[in-house]
Amino acid sequence: MNKLTKNKIHFILGLPFTGKTTYVRENFSDKKRYYIIDYGEKFFELYGNYDDLNNNEKSSAVYEKILQEIKDVASQFNVTLVAEYCTGFHSSTRKLEKLIDRFEANNWKITVKQMHTGINVHSFQQSAEEDPRYCPSLILNDHHYNLLNYYIEENILSE
């Protein structure tokens, strides 16, 4: 039985280099309480680099892996989903609105944390660019959008 009974999702939003990834890592690290949807991290884990990040075959494998992990962790723990999303661009914002509408229509509790540009933008950018595992969140938006839509289709609408 799927234990995503809380039906909660946290969206961490913001412009590039506003600390979204840092915030997620610092606040949602308990794997028994949260599942962080991170296409880039899973892609790197499977392939060791970001070459062909948008390759359809590789993307499908990453999607399958993440969706299976959500099912596996949800079968053991009452988890909340967490997704990072880069905002400030019309097409990204419109897709995010559609995604939130779909979750709301299925009675999910949605929490949105908006990250803001501050005095540390330069330090976030510098530390991100020095990390070989860093993948810009704007590049990940479409993958996170697709993953969450697949999750809705497979696990919420099919119940």
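This is a predicted model: local features need pLDDT of at least 70, side-chain atom pairs count only at pLDDT 80 or more; totals for chains, interfaces and linings use all residues.

Student: OK, what percentage of the 159 residues is buried?

Tutor: Buried residues make up 39% of the 159 residues in the protein chain.

Student: And how many helices and strands are there?

Tutor: The protein chain has six helices and four strands, where helices (H or I, at least four residues) and strands (E, at least two) are DSSP runs numbered from the N terminus. Along the sequence they follow the pattern β-α-β-α-α-β-α-β-α-α.

Student: Which residues touch the most other members of the largest nonpolar core?

Tutor: In that core of 34 residues, they are Phe 11, Tyr 39, Leu 81, Phe 103 and Leu 148; a nonpolar core here is a set of buried Ala, Val, Leu, Ile, Met, Phe, Trp, Tyr and Cys residues joined through side-chain atoms within 4.5 Å. At least two residues of this core come from each of β1 (8–14), β2, α2, α3, β3, α4 and α6. There is also a second, separate core of six residues, Ile 12, Val 24, Val 82 and Met 115 among them.

Student: Switching to α3, which of its residues are buried?

Tutor: The buried residues of α3 are Ser 59, Val 62, Tyr 63, Ile 66, Leu 67, Glu 69, Ile 70, Val 73 and Ala 74. They lie on the same side of α3, because they cover an arc of only 155 degrees around the axis, the arc being that of the directions from the helix axis to the C-beta atoms. Their cover includes β2 (34–37), α2 (39–47), β3 (80–86) and α6 (137–156), whereas Glu 57, Glu 64 and Gln 76, on the other side of α3, are exposed.

Student: What about Lys 65, where is that?

Tutor: Lys 65 also belongs to helix α3, and it counts as partly exposed because its relative accessibility is 36%. Apart from neighbours within four places in sequence, Lys 65 is in contact with Lys 42, Glu 45 and Leu 46.

Student: And Ser 92, buried or exposed?

Tutor: Ser 92 counts as buried because its relative accessibility is 8%. Ser 92 sits in helix α4 (residues 90–105), and, with neighbours within four places left aside, its contacts are Tyr 85, Cys 86, Leu 138 and Asn 141.

Student: One last thing, what is phi for Asn 107?

Tutor: Phi of Asn 107 is near 60 degrees, a positive value in a residue other than glycine. Asn 107 is in the loop between α4 and β4 (109–114), and with a relative accessibility of 66% it counts as exposed. Phe 17, in the loop between β1 and α1 (20–27), has a positive phi of about 65 degrees although it is not a glycine.

Terms used: Residues are numbered from 1 along each chain as its sequence is written. Side-chain values use heavy atoms; hydrogens and water are left out. Buried means under 20% relative accessible area, exposed over 50%, partly exposed in between (1.4 Å probe, protein chains only). Contact means heavy atoms within 4.5 Å.
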